[in-house]
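I have my notebook open and a new structure to explore. Here is what I looked up, in the order I went.

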Amino acid sequence: MHNKLKFTILKQRGNARVGEIELNGVKIQTPIFMPVWTKATIKWIILDLLRDPHYIWTHIEPIKLILANTFHLYLRPWNELIKAAWWLHKFENWNDWLILTDSGGFQVFSLWLGKKDDKWFSHNVRMKLTEEWVKFSSPHDGSKHFFTPEKVVDIQSDFGSDIMMVLDVCSPWDADKKHTARQMQMTHRWAKRAFEHFGPKYDETRGVLFPIVQWGTYLDLRQESLEFLSQYARDGIAIGGVSVWEERSKIEEVIEYTAPKLPNDKPRYLMWVWTPADFRFAIEQWIDMFDCVSATRLGRHGIIFSDEWNIKITNAKYASDFSPLTSNCDCYACRYLTKAYFHHLLREKEVLWWALLWLHNIVYLERILEDWKRKFLAEW
Ligand SMILES: [Zn+2]
């Protein structure tokens, strides 16, 4: 059995490693952080800034793998349109480089899950879950849609996605155990369906498909899930359902418990972790791939990552602060512009701040990994 994704471990020590993913002619050193290009764009950041980043920053390697959201792109502009545009790569000018797409499941479930009297429930008729499918309404126009494990593979194939994710049923992190176990069993059946559907198409599809180990903070369920799903880790495997709303110590417990038990010779992708501190922790726990919307989500609210602590630039004390945005970063914003300038941009709601702050936050997370990698490779 051949693999489209080749993973080589370049150096391993303790619970950490530097590796190399080779897929569709592109080589990427791990651990990596994938910026989230939700709807095939982020404000005015053209992708060439990631591909050839030296205009914006100086010490970061080009970013070669980004993430896009299936839920959003399926609804608009539609997977078949993107297929006709010669995949997402051509559509957004990311030719020759790599894209990972999520399954869309998280958005379907998180949009419609509510909490009442401390109990989670699907409170909205706009989302209905059966063994066969999940039905939901478009937030744009109310039109009805279905996702099945098979359909979600086909949608991601239409995007030309390089790394695709299976559709899973997302449980809220504090759902009771019985509920969680039921959803786990269903997700396992869905994973089986997805891989049975994908298997015969493996060679004619551009992408590879990762299963996702879920199941909240119940470690015995995580164990059952990782045992079952590891059989599908032909090219890689993900850990999901972490960093949803649970406490930090729980996040670490789940990562520490789950990550070392996944197949050692495949890349391990930790989905959706939130903070620079989580990154630093998870690199030392066998994790090879990260994505996170925090760089852009927090940037939107004027939160800037820094070594000291996150700076809330809208704070009045920065109005006349002419120091660099942060002291330890060489991105465009930190090299040439001041806190006072950004404070001004935010007050005036000038769009420039979004792009520059987001670039800074993306660079900041990339740099954590690059600094770590450099040090790790230099040590014995
Ligand atoms: Zn910066």
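**Entry 1: the core**

I began inside, keeping in mind that this is a predicted model. I found that the largest nonpolar core has 107 residues. The residues with the most contacts inside this core are Met-34, Ile-66, Ala-238, Leu-270 and Phe-290. I then looked up where the core residues come from, and helix 14 (residues 352-378) gives the largest share, with 12 residues.

Next I picked Phe-290 from that list. Which residues does Phe-290 touch, not counting those up to four places away in sequence? I noted Pro-31, Phe-33 and Met-34, and also Leu-270, Val-273 and Phe-279. Two of these names, Met-34 and Leu-270, were already in my notes as residues with the most contacts inside the core.

**Entry 2: the whole chain**

I stepped back to view the chain as a whole. I listed 14 helices and 19 strands. The C-alpha trace spans about 60 × 50 × 45 Å along its principal axes. I checked the radius of gyration too: the chain has 21 Å, and this agrees with a compact globule of 380 residues, which would have a value near 21 Å.

How much of the chain is buried? I wrote down 46% of the 380 residues. I also looked at contacts with a separation of 6 or more, and 68% of them join residues 24 or more positions apart.

I turned to helix 8 (residues 219-229) and helix 9 (residues 248-258). Their axes are 10 Å apart, and the helices pack at an angle of about 35°. I noted the crossing as right-handed. Helix 8 brings Leu-219, Arg-222 and Leu-226 to the contact, while helix 9 brings Val-254, Tyr-257 and Thr-258. I sorted these residues by type and got four nonpolar, one polar and one charged.

**Entry 3: one threonine**

My last stop was Thr-70, which lies in helix 2 (residues 70-75). Is Thr-70 buried or exposed? I put it down as buried because it has 25 C-beta neighbours inside 10 Å, and the cut-off for buried is 20 or more.

Which residues is Thr-70 in contact with, leaving aside its neighbours within four places in sequence? I found Thr-101, Asp-102, Ser-103 and Gly-104, together with Val-152, Ile-155 and Gln-156.

To finish, I compared two kinds of distance for Thr-70 and Pro-260. They are 190 residues apart in sequence, and in space they are 29 Å apart, C-alpha to C-alpha.

Methods: Residues are numbered from 1 along each chain as its sequence is written. This is a predicted model: local features need pLDDT of at least 70, side-chain atom pairs count only at pLDDT 80 or more; totals for chains, interfaces and linings use all residues. A nonpolar core is a set of buried Ala, Val, Leu, Ile, Met, Phe, Trp, Tyr and Cys residues joined through C-beta atoms within 7 Å. A residue is buried if 20 or more other C-beta atoms lie within 10 Å of its own, exposed if 12 or fewer, and partly exposed in between; C-beta atoms are placed from the backbone. Helices (H or I, at least four residues) and strands (E, at least two) are DSSP runs, numbered from the N terminus. Two residues are in contact if their C-beta atoms, placed from the backbone, lie within 7 Å. The radius of gyration is taken over C-alpha atoms; the globule rule is 2.2 Å times the number of residues to the power 0.38. Axes are lines fitted to C-alpha atoms, for helices over the stretch in contact, and angles run from 0 to 180 degrees between N-to-C directions. A crossing is left-handed if the near helix is turned anticlockwise from the far one by less than a right angle, and right-handed if clockwise. Ala, Val, Leu, Ile, Met, Phe, Trp, Tyr, Cys and Pro count as nonpolar, Asp, Glu, Lys and Arg as charged, and the others, Gly among them, as polar.
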